[in-house]
Number of protein chains: 4
Amino acid sequence: MSAASFLARLLGREPRAIERPVEKLVALCDALLAESGEYASAALVADALAAYRALDERCRAQFFDALATRYSPSPEIVAAAAAAYQAEPSPAHLERLQEATEPARQELFRRLNMAPGGTAVLVGMRQELLKKLKQNPGWRAIDFDLKHLLRSWFNRGFLRLERIDWRTSAIVLEKLIQYEAVHAVQGWRDLRRRLEADRRCFAFFHPQLPDEPIIFIEVALTRGMSSQVQPLLDVDSPVSPPQNADCAMFYSITNCQEGLRGISFGNLLIKQVAEALKSEFPHLRRFATLSPIPGFRRWLEQNAEAALMAPLEDPAWHMGEIPPHLEKQLIRLCAFYLLNAKQGQEPLDAVARFHLGNGAALERLNWLGDASEQGMARSAGIMVNYVYWLTEVEKNHVAYFREHRIAASPSVAKLARECPLSQAAEKGAA
Amino acid sequence: MSAASFLARLLGREPRAIERPVEKLVALCDALLAESGEYASAALVADALAAYRALDERCRAQFFDALATRYSPSPEIVAAAAAAYQAEPSPAHLERLQEATEPARQELFRRLNMAPGGTAVLVGMRQELLKKLKQNPGWRAIDFDLKHLLRSWFNRGFLRLERIDWRTSAIVLEKLIQYEAVHAVQGWRDLRRRLEADRRCFAFFHPQLPDEPIIFIEVALTRGMSSQVQPLLDVDSPVSPPQNADCAMFYSITNCQEGLRGISFGNLLIKQVAEALKSEFPHLRRFATLSPIPGFRRWLEQNAEAALMAPLEDPAWHMGEIPPHLEKQLIRLCAFYLLNAKQGQEPLDAVARFHLGNGAALERLNWLGDASEQGMARSAGIMVNYVYWLTEVEKNHVAYFREHRIAASPSVAKLARECPLSQAAEKGAA
Amino acid sequence: MSAASFLARLLGREPRAIERPVEKLVALCDALLAESGEYASAALVADALAAYRALDERCRAQFFDALATRYSPSPEIVAAAAAAYQAEPSPAHLERLQEATEPARQELFRRLNMAPGGTAVLVGMRQELLKKLKQNPGWRAIDFDLKHLLRSWFNRGFLRLERIDWRTSAIVLEKLIQYEAVHAVQGWRDLRRRLEADRRCFAFFHPQLPDEPIIFIEVALTRGMSSQVQPLLDVDSPVSPPQNADCAMFYSITNCQEGLRGISFGNLLIKQVAEALKSEFPHLRRFATLSPIPGFRRWLEQNAEAALMAPLEDPAWHMGEIPPHLEKQLIRLCAFYLLNAKQGQEPLDAVARFHLGNGAALERLNWLGDASEQGMARSAGIMVNYVYWLTEVEKNHVAYFREHRIAASPSVAKLARECPLSQAAEKGAA
Amino acid sequence: MSAASFLARLLGREPRAIERPVEKLVALCDALLAESGEYASAALVADALAAYRALDERCRAQFFDALATRYSPSPEIVAAAAAAYQAEPSPAHLERLQEATEPARQELFRRLNMAPGGTAVLVGMRQELLKKLKQNPGWRAIDFDLKHLLRSWFNRGFLRLERIDWRTSAIVLEKLIQYEAVHAVQGWRDLRRRLEADRRCFAFFHPQLPDEPIIFIEVALTRGMSSQVQPLLDVDSPVSPPQNADCAMFYSITNCQEGLRGISFGNLLIKQVAEALKSEFPHLRRFATLSPIPGFRRWLEQNAEAALMAPLEDPAWHMGEIPPHLEKQLIRLCAFYLLNAKQGQEPLDAVARFHLGNGAALERLNWLGDASEQGMARSAGIMVNYVYWLTEVEKNHVAYFREHRIAASPSVAKLARECPLSQAAEKGAA
């Protein structure tokens with residue numbers, strides 16, 4: 001096979017013509033890989049990072065092509081090493097095999113990570129890569145290598161939990177405003193309210209990205225479990241004394257780094273935050289979320305009767321009087337959706353997958369819990385409380401993964417059973 | 001091939017019988033690997049680390065056997081993945097190949113690294129492994145995996161340089177006393193002298209090992225380049241005003257973590273320390289070492305004439321009057337040794353390889369530079385100054401690696417040429 | 001003299017009737033003073049601080065009356081101690097005299113200062129006192145004692161200089177927005193521009209008021225000395241690379257704590273900031289202010305001819321074309337004002353007194369340097385550059401205080417001489 | 001009165017001739033006082049501090065003479081101000097009076113305190129002064145002023161409590177070794193034992209003396225109340241798990257700064273440490289001391305029968321068998337001493353005064369609690385436990401100061417009553 005056709009196969013298309021700045025960067029990368037590891041020149045790394053940063057979007061695409069094609073392992077050498085290992089699975093053969101299969105890209109990325117700022121560049125590189133991965137399936141190998149390394153470097157053991165409050169630096173607070181993905185922050189005043197005495201906010205940080213939150217969570221300390229999110233978001237709501245609270249409501253959790261997609265921290269964050277809160281407020285009795293049900297409305301449109309859906313076509317349907325029958329039906333359908341709609345063996349709803357997989361229990365559905373435009377569009381306005389019962393989290397987590405069982409309160413389970421779809425299914429089964 | 005004989009091949013001997021605590025630990029490791037990565041239980045990791053810590057030496061050997069045999073890739077699956085990749089080197093095949101060849105051990109170690117203290121356990125594990133690697137060649141695969149991961153986690157970008165002085169915590173200072181490998185520290189008073197105003201000490205630290213220096217270097221600020229180490233080590237020597245110094249003498253550099261053997265930090269440390277010193281004392285004109293020549297005496301015994309060596313058999317030969325001829329010959333031989341004795345294309349002397357590879361120049365030999373017992377035994381008392389000329393470091397480094405050329409001062413080069421071995425070689429060549 | 005008439009004399013009026021909460025607080029203060037100092041109860045201090053904080057404005061006035069009347073030294077005991085000291089000025093008599101004359105208030109304030117938050121309460125107390133001092137001349141003794149103690153506690157040696165930037169905590173940044181007294185900050189965006197790479201901001205902090213700046217200064221790094229303040233305040237102005245700057249322009253300096261009025265930090269702040277800047281940017285050639293001339297317009301109205309002043313009555317006089325004659329005359333009058341208008345032997349202008357007393361030199365007048373409403377109203381739009389020539393600051397300072405000499409550039413001196421008032425004065429003298 | 005005889009009266013003797021360096025320093029002090037406070041030159045302060053530091057012992061004595069004589073208030077001005085105040089006690093007259101009576105020395109010290117290191121110099125100055133105060137009664141006025149200011153600057157509110165452990169910097173730990181005044185530390189190994197997991201050590205620090213502990217306390221966490229100090233001091237004693245402890249034994253408390261003599265921190269330290277320990281170990285049931293009785297043996301010699309004292313003349317009397325009668329009598333006498341021997345209305349024993357004044361209760365006497373040479377010489381080997389019952393501390397403290405009542409356990413009270421001296425007293429009373 002000719003080199004050109006080999007590259008074409010790797011990329012799934014003809015490689016792009018390479019411009020001058022990309023050529024220079026590739027030459028720097030080659031020089032970096034040629035160094036003996038121990039002495040790899042800090043100057044060379046810094047030059048390569050600077051050259052990469054200076055590339056425009058088109059040149060970066062060319063550079064990704066080069067990364068995808070130049071630094072993959074040789075099929076022939078791999079095959080020979082695999083055969084030797086098959087003939088005799090000795091440590092020496094295993095070592096040779098691992099060396100043969102590891103793309104040189106990985107070593108390149110490791111060396112780029114040595115310089116100050118290297119980690120940030122690599123996280124940013126993956127973010128860009130992911131944006132255009134669909135159109136460039138040949139880049140998947142780069143993504144695989146970057147994700148592999150980033151998973152290792154962003155090992156949970158390297159993260160530190162920090163409380164975010166009004167004493168936090170503006171450079172970090174500004175990023176919270178910018179990143180918040182669940183309930184957008186309306187400027188500094190809104191942020192300040194979210195950091196008052198009856199709120200808590202925590203984030204994970206990594207030593208190499210000191211001013212960049214990796215993931216953060218917002219908590220409201222309340223009496224009783226919140227059923228509606230708008231009061232929590234009201235900038236002018238009065239601040240309640242936190243010592244009277246008996247619930248910690250997790251009302252927003254945001255992954256900040258698109259470049260770390262698929263490397264998960266939320267599970268650990270929730271557990272560490274629950275512990276930190278428990279130790280600050282020993283009288284807290286419940287750790288619960290007030291969560292959206294992002295896939296409900298879409299599922300509804302495919303599964304509910306047309307007659308039920310008709311009134312919902314008016315975007316203001318919830319403003320006026322709502323027929324009790326409609327509310328009852330929607331709530332039952334929502335319970336059914338959360339408990340029975342599946343993707344493989346897990347719930348179809350992404351947020352449900354996350355919290356139930358973490359060991360939370362599905363506790364309560366809240367009619368008109370989020371009456372914002374987005375809340376109506378995604379969840380027909382319904383919100384759900386997942387509760388983290390600290391003593392049952394482990395048990396629920398195991399049951400979820402081993403037996404695909406969902407922990408749900410009796411009342412939610414009952415709603416689901418009352419749903420016509422449920423009764424139809426039973427009849428079908430009978 | 002039967003499972004037993006397969007294991008025997010992997011280990012290079014029959015596997016040991018496994019005792020109860022090891023069985024339990026292996027079960028924990030299996031459970032940990034069975035988890036979905038995103039949710040891997042912190043409790044499970046903590047249990048596994050505790051179980052490992054509790055093992056005695058015999059049980060640890062059994063556990064290493066298990067690590068070597070249980071978590072290696074399947075030769076059959078590897079062979080299939082290699083064949084597919086050879087047939088079509090697509091990203092998907094490459095991904096499958098990498099997944100097939102990565103030992104499950106690596107994922108196990110990554111998960112163990114998630115808990116607080118995990119990194120320290122893994123560094124300690126490798127230290128123990130290395131101690132008995134010769135007798136257990138089957139463990140090499142474990143070492144390969146641990147080193148691979150530790151290199152990634154101890155990436156230079158993650159290290160921070162810290163100055164060590166009398167304001168440093170006792171927990172760290174105590175470790176300096178314990179670890180110093182070049183010129184042993186005689187208790188707190190000795191250490192204190194080494195941290196006075198005319199000295200500097202720097203170490204690298206890693207965020208996961210906050211109280212553990214990774215590598216440290218001791219520097220004396222002097223007028224003129226030091227030729228003897230004993231005055232530098234004299235606890236009662238007067239402290240000179242550092243602003244009068246024109247030389248920074250690097251007189252000791254110690255790698256602290258046996259478990260990180262083969263992962264090199266010295267090169268970077270010297271360069272960062274030189275920069276830090278230059279910025280604190282802009283008038284410093286020379287950054288030089290006062291180094292041992294650890295392999296000289298051994299080489300001498302194999303290469304010098306018996307007549308020359310005879311007087312050296314008396315351990316006190318250097319105490320009385322030394323015949324000028326003897327001094328002259330030893331110095332010439334030493335220059336020859338450093339410039340011409342080779343291991344492959346690099347110098348035979350390990351310290352020379354390190355500094356010359358870093359880009360230093362061989363500047364001066366010092367007769368009776370280290371008259372301690374150890375200094376006489378290893379280097380016949382001679383010490384060498386390597387100089388780091390900041391503007392030539394890069395050039396020297398490149399010349400060393402590309403052309404195997406050693407930067408040496410004219411006077412050292414002359415001494416080497418005057419050595420009889422050198423003249424013999426030339427005659428031989430003629 | 002009856003007690004009542006004595007109190008009336010102390011206060012300069014009848015004392016107010018005292019309400020219940022004030023009675024309780026006074027009782028706490030008495031109990032606190034009754035304690036032996038070594039054991040003064042932390043609980044008592046905390047109770048007294050809480051009781052004070054809970055008082056409303058009217059009660060506070062009653063409490064100030066009590067402070068003014070209850071805790072002053074006894075005239076009889078003072079007289080006896082003074083007589084004894086006059087008869088024999090021994091250490092014992094001096095000690096007795098000092099004890100007799102120190103108001104018990106001082107010890108009370110010292111004890112209130114022992115508890116966490118005590119310093120902040122006392123600074124706040126003086127702020128309130130000062131607001132109503134004119135109407136309550138009897139409170140002057142309290143102010144004297146508070147100022148005496150605060151001067152001691154806010155000793156310069158206890159202050160630490162901190163750089164303020166976008167990494168500073170929001171709690172401090174918010175206070176900058178609130179306190180800035182020279183050129184008001186228009187929200188977070190404006191503040192952020194003032195903390196960009198071509199700006200510097202520094203503040204003094206005291207260990208007992210960790211989140212409270214005491215005084216802060218804003219600096220712009222510029223090429224050439226700024227002549228107009230509006231471009232510096234423009235939120236949308238481009239950020240220039242600071243390494244190209246040759247001037248540090250001090251364009252705003254704000255005392256934050258009204259309760260520390262009369263305790264001066266500005267002199268030290270400017271000098272420490274100049275040193276910090278010089279060490280960060282060794283190529284800076286000039287440290288200068290761009291200052292308002294707050295008393296000029298008022299002085300002008302009293303001293304300039306009516307004909308000159310007539311056009312200025314139109315608030316928009318500077319918007320259209322300005323007759324060259326008017327500009328020339330105003331500039332000359334301003335130079336004359338700064339150099340010759342006096343309050344005692346010092347300049348009449350408060351900002352001039354501050355910078356010239358610090359050792360700065362009057363360098364340049366800037367026509368329409370501040371065209372804001374406030375700038376026109378106070379300074380007829382003119383601004384002045386004072387320059388801190390680091391090598392002449394000490395000399396200027398001494399000349400200013402010993403000989404009342406003002407360091408001024410030849411061009412400003414010439415403008416002053418050209419002023420008609422100056423020529424009139426000379427004629428008068430002739 | 002002539003100036004010379006006036007000075008002689010102030011000093012209580014002829015003033016010393018003044019040498020050149022002292023003259024220079026006095027001139028610097030005069031210049032410093034001549035400055036307007038706001039602008040007091042940092043350079044002048046630094047010069048004066050350096051000049052003082054450079055003085056030898058003889059010159060310092062001359063400087064102290066100058067301080068005592070030059071900077072005292074004028075008797076005439078004081079008398080006039082006192083008369084005016086007596087005639088009309090207005091705020092203005094009070095202000096003038098306070099200004100007239102404050103020695104210029106105080107302002108001098110305040111200005112010296114402005115520069116970095118000033119506080120340390122002043123603390124050191126008072127330390128030197130105190131050493132020779134007896135021979136130089138004329139210096140008492142200096143001491144009075146220094147103490148007055150230091151009390152203000154070392155206000156408790158400015159101190160921060162810090163835990164001392166093996167993570168503390170060597171520069172601080174070294175000072176603990178040097179300062180420990182109750183049970184001397186035998187080098188680093190001994191110190192390390194005192195900082196192990198079953199011990200706690202806390203110190204107060206002041207922001208201006210960052211590396212200098214002001215006072216520190218050593219605590220052992222034990223099961224049951226310790227009765228003997230030697231086991232606590234044993235370097236080779238095993239470390240017990242702190243979570244099993246039910247007592248916190250305060251076995252040593254040391255004031256570090258001789259220059260702060262008479263400014264008390266111990267009371268606050270004990271209370272803050274008790275709170276910190278209670279929060280770390282909620283199951284601690286008792287906070288007690290194991291204290292020496294430093295005045296007992298001296299008192300014994302004056303108050304006990306000769307027959308009883310005779311055996312004690314042998315320094316090794318406690319090594320052999322001790323007659324039960326002797327032990328019983330000594331213990332009773334000790335109880336009597338602690339409860340009944342007085343200095344004014346407080347206990348004669350200094351340590352008893354401190355702990356009982358703080359609100360502790362006299363709980364138990366321990367025969368041979370300190371069998372060291374010093375323990376035998378001062379306390380006849382007996383030690384005492386004072387207990388801080390957290391709920392009764394305030395009550396005991398009040399009873400001690402108001403009613404001179406000592407809180408003692410029934411058993412100690414009984415021992416005191418059984419003492420022959422007690423019975424003699426009763427008989428006398430009857």
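Reader: Through what surface do the copies, chain D and chain B, meet?

Author: This is a predicted model. In it, 100% of the interface residues of chain D are also interface residues in chain B, so the copies meet through the same surface.

Reader: What rotation and what shift along its axis superpose chain D on chain B?

Author: The rotation is 180°, with 0.0 Å of shift along its axis, and the superposition has an RMSD of 0.1 Å. That is the relation of a two-fold axis.

Reader: Which residue of chain D comes closest to the rotation axis?

Author: D:Ser169 does, with its C-alpha at 1.9 Å.

Reader: How are A:Asp190 and A:Arg194 placed in helix H11 of chain A?

Author: Helix H11 covers residues 187-194, and the two residues are 4 apart in it, so about one helical turn separates them. A:Asp190 and A:Arg194 are both buried.

Reader: Which parts of chain D does the pair D:Arg16 and D:Asp65 link?

Author: D:Arg16 and D:Asp65 form a salt bridge whose closest N and O atoms are 2.9 Å apart. The pair links distant parts of the chain: D:Arg16 lies in the loop between helix H1 (3-11) and helix H2 (20-34), while D:Asp65 belongs to helix H4 (residues 57-70), 49 residues apart.

Reader: Is D:Asp65 buried or exposed?

Author: Buried means under 20% relative accessible area. D:Asp65 has 3% relative accessibility and therefore counts as buried. D:Arg16, at 32%, counts as partly exposed.

Reader: Which residues are linked with B:Arg151 in a network of salt bridges?

Author: The network links B:Arg151 with A:Glu102, A:Glu107, A:Arg110 and A:Arg111.

Reader: With which side chain does the side chain of A:Ser291 make a polar contact?

Author: With that of A:Thr289, at 2.7 Å. Apart from neighbours within four places in sequence, A:Ser291 is in contact with A:Val351, A:His355, A:Met383, A:Val384 and A:Tyr386.

Terms used: Residues are numbered from 1 along each chain as its sequence is written. Chains are lettered from A and ligands numbered from 1 in the order in which they are written. This is a predicted model: local features need pLDDT of at least 70, side-chain atom pairs count only at pLDDT 80 or more; totals for chains, interfaces and linings use all residues. Side-chain values use heavy atoms; hydrogens and water are left out. Buried means under 20% relative accessible area, exposed over 50%, partly exposed in between (1.4 Å probe, protein chains only). A salt bridge is a side-chain nitrogen of Lys or Arg within 4 Å of a carboxyl oxygen of Asp or Glu. Copies are superposed by least squares on the C-alpha atoms of residues with pLDDT of at least 70 in both. Contact means heavy atoms within 4.5 Å. A polar contact is a pair of N or O atoms within 3.5 Å; within protein, one must be able to donate a hydrogen and the other to accept it, and residues adjacent in sequence count only if both atoms are side-chain atoms.
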